[in-house]
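Here is a short report on one protein chain. Keep the picture in view as you read, and find each residue as it is named.

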Amino acid sequence: MQTTLRIKPHHFLDIIRDFGEGREHGPHPYGHLVHVAARTIREHPETVLELTAEPDEICLPCRFLVDGNCIDVTQSPGHLIPKDRWNRLIDGRIFERLGLKEGDRLTALEFCRLARERLGDLYSLYAEADRDKTTRRRGLLESGFAIYLGE
Ligand code: SF4
């Protein structure tokens, strides 16, 4: 069984949000490993996360990872930008709010508890994003936290 998972903080939170939505993760057309990471996180909360803002274990087989760089784009801030730039912005804010840094290691359960305690206002975390989407994200994330923490 895998005991460590190198992961971007926002990838972890997206998976917890998906748990709140009741989503069954399966293989994605991009070829990335969100479904595998989600299963590991769900079944093994003792898994040690090694936090990174660089491409993580989810990214490794993704068709948008080229020469070690994510070449995808996103409309998340309301206009088209490189996804890597957006991800680094959000991951940087998450690191700051949680008092963590790249290379820090803690279990999935510990990270989840810390995120629920310290993540704070999502509208400023995702300040550039569509507010309605953030409202939906907030509800699903709260549900996901409760499910994962067994409440
Ligand atoms: S699109 Fe980019 S960030 Fe997302 S899994 Fe692929 S390489 Fe990683």
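Cysteine 62 is partly exposed, because 18 other C-beta atoms lie within 10 Å. The model is a predicted one. Cysteine 62 sits in the loop between E2 and E3. Which residues does cysteine 62 touch, not counting those up to four places away in sequence? The answer is Tyr30, Gly31 and His32. Cysteine 62 also has a C-alpha atom 24 Å from that of glutamate 21, and these two residues are 41 apart along the chain.

Cys62 is one of the residues around the ligand. Sorted by class, the shell holds eight nonpolar, two polar and two charged residues.

## The whole chain

Now step back. The chain has six helices and seven strands. Starting at the N terminus, its elements run β-α-α-β-β-β-β-β-α-β-α-α-α.

The C-alpha trace spans about 40 × 35 × 30 Å along its principal axes. A compact globule of 151 residues would have a radius of gyration near 15 Å, and the chain agrees with that at 14 Å. Buried residues account for 29% of the 151 residues. Take the contacts with a separation of 6 or more: 68% of them join residues 24 or more positions apart.

The largest nonpolar core has 24 residues. Those touching the most other members are Ile7, Phe12, Ile15, Ile16, Ala37, Leu49 and Cys112. Two or more residues each come from E1, H1, H2, strand E2 (48–51), H4 and helix H6 (131–148). H1 gives the most, with five residues.

Look at isoleucine 15. Leaving aside neighbours within four places in sequence, isoleucine 15 is in contact with Val34, Ala37, Ala38 and Ile41. A second, separate core has five residues, among them Trp86, Ile94, Leu125 and Tyr126.

Which residues of helix H2 (residues 34–43) are buried? They are Val34, Ala37, Ala38, Thr40 and Ile41. These residues lie on the same side of H2, because they cover an arc of only 165 degrees around the axis. The buried residues of H2 pack against strand E1 (4–7), helix H1 (9–21) and helix H4 (108–118).

H4 can be read in the same manner. Its buried residues are Ala108, Phe111, Cys112 and Ala115. Their arc around the axis is only 100 degrees, so they are on the same side of H4. The buried residues of H4 are covered by elements including H1, H2, E2, helix H3 (83–98), strand E7 (105–107) and H6.

An α-helix has 3.6 residues a turn, so residues three or four places apart point the same way.

## Positive phi angles

Most residues other than glycine have a negative phi. Aspartate 67 is not a glycine, yet its phi is positive, at about 50 degrees. Aspartate 67 lies in the loop between E3 and strand E4 (69–70). Is aspartate 67 buried or exposed? Aspartate 67 counts as exposed, because it has 5 C-beta neighbours inside 10 Å.

Glycine 120 has a positive phi too, of about 75 degrees.

Glutamate 54 is in the loop between E2 and strand E3 (65–66). Serine 143 is in helix H6.

| Residue | C-beta atoms within 10 Å | Class |
|---|---|---|
| Glutamate 54 | 15 other C-beta atoms | partly exposed |
| Cysteine 62 | 18 other C-beta atoms | partly exposed |
| Aspartate 67 | 5 C-beta neighbours | exposed |
| Serine 143 | 16 C-beta neighbours | partly exposed |

Two distances place these residues in the fold. Glutamate 54 and tyrosine 30 are 18 Å apart in space, C-alpha to C-alpha, and 24 residues apart in sequence. The C-alpha atoms of serine 143 and proline 61 are separated by 30 Å, and these residues are 82 apart along the chain.

Definitions and conventions:
Residues numbered from 1 in each chain as written. Predicted model: local features only at pLDDT ≥ 70, side-chain atom pairs only at ≥ 80, totals over all residues. Near = placed C-beta within 6 Å. Nonpolar A, V, L, I, M, F, W, Y, C, P; charged D, E, K, R; others polar. Buried ≥ 20, exposed ≤ 12 C-beta atoms within 10 Å, placed from the backbone. Helix = DSSP H or I, 4+ residues; strand = E, 2+ residues; numbered from the N terminus. Arc of directions from axis to C-beta. Contact = placed C-beta atoms within 7 Å. Core = buried A, V, L, I, M, F, W, Y, C linked by C-beta atoms within 7 Å. Rg over C-alpha atoms; globule rule 2.2 N^0.38 Å.
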